[in-house]
Amino acid sequence: QVQLVESGGGLVQPGGSLRLSCAASGIISRIYTMGWYRQAPGKKRELVAGISSADTTDYTDSVKGRFTISRDNAKNTVYLQMNSLKPEDTAVYYCNADVKSSPWDRRFYWGQGTQVTVSS
C-alpha cells in the first residue's frame with residue numbers, strides 16, 4: 001500500500017503565498033504522474049496542476065502564472081507553490097499520484113486533503 005500525506009495548508013491573506021507538499025510512502029517502484037486537485041464547498045473536485053515523470057507540467061487556466069508544481073523524485077514528493085492567492089482559491093487541496101508498486105499493481109492514490117483559506 002501507498003500513503004500520500006499533504007502539508008502546508010492554512011489561512012492566508014489575499015495576495016499571499018503558500019507552499020503545499022505531498023510525500024508518498026510505502027511500497028513504491030515508480031511514480032508516474034502526480035497532481036494537485038481542489039474542491040471548494042458545493043463544487044466538483046477539479047484538477048489544479050499536474051506533473052509527469054518527465055517534469056512536463058499542466059495547469060488549469062485560473063492558476064497559470066500564479067501556481068507552480070514541482071517534484072522531487074528522490075523524496076517521492078510533489079509541491080505546489082501558490083502565489084498571488086485569491087479568495088476563489090479557497091478549497092480543500094488533494095494530492096494525487098499514479099504509483100506502481102509491482103509489475104501487477106499500479107493505481108492512483110489520494111491524499112487526505114489540506115485546507116487552504118484565502119481571506120482578509
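Analyst: One definition to start. A salt bridge here is a side-chain nitrogen of Lys or Arg within 4 Å of a carboxyl oxygen of Asp or Glu. Also note that this is a predicted model.

User: Fine. How far apart are the closest N and O atoms of D89 and R38?

Analyst: They are 3.0 Å apart, and D89 and R38 form a salt bridge.

User: Where do D89 and R38 lie?

Analyst: D89 is in the loop between β8 and β9, and R38 is in strand β4. The pair therefore ties together parts that are 51 residues apart in sequence.

User: Are D89 and R38 buried or exposed?

Analyst: Both D89 and R38 are buried. For R38 the relative accessibility is 6%. The cut-off for buried is under 20%.

User: What does E46 do with R38?

Analyst: E46 forms a salt bridge with R38 too, with the closest N and O atoms 2.7 Å apart. E46 is partly exposed, at 32% relative accessible area.

User: How many salt bridges by this rule?

Analyst: Six. Another one joins the side chains of D105 and R107, at 3.1 Å from N to O. D105 has a relative accessible area of 19%, so D105 counts as buried. R107 is partly exposed at 35%.

User: Which residues do shared partners join into one network?

Analyst: R38, E46, R66 and D89.

User: What is M82 in contact with, leaving aside neighbours within four places in sequence?

Analyst: G16, S17, L18, L20, R66, F67, Y93 and V116. R66 also belongs to the salt-bridge network with R38, E46 and D89.

User: Last topic. How many disulfides?

Analyst: One by this rule. C22 and C95 form it, with their sulfur atoms 2.1 Å apart. C22 and C95 are both buried.

User: Which strands hold C22 and C95?

Analyst: C22 lies in β3 and C95 in β9, so the pair ties together parts that are 73 residues apart in sequence.

User: Is that disulfide left-handed or right-handed, and why?

Analyst: Left-handed, because the torsion about the S-S bond of C22 and C95 is about -80 degrees.

Notes: Residues are numbered from 1 along each chain as its sequence is written. This is a predicted model: local features need pLDDT of at least 70, side-chain atom pairs count only at pLDDT 80 or more; totals for chains, interfaces and linings use all residues. Side-chain values use heavy atoms; hydrogens and water are left out. Contact means heavy atoms within 4.5 Å. Buried means under 20% relative accessible area, exposed over 50%, partly exposed in between (1.4 Å probe, protein chains only). Helices (H or I, at least four residues) and strands (E, at least two) are DSSP runs, numbered from the N terminus. A disulfide is a pair of cysteine sulfur atoms within 2.5 Å.
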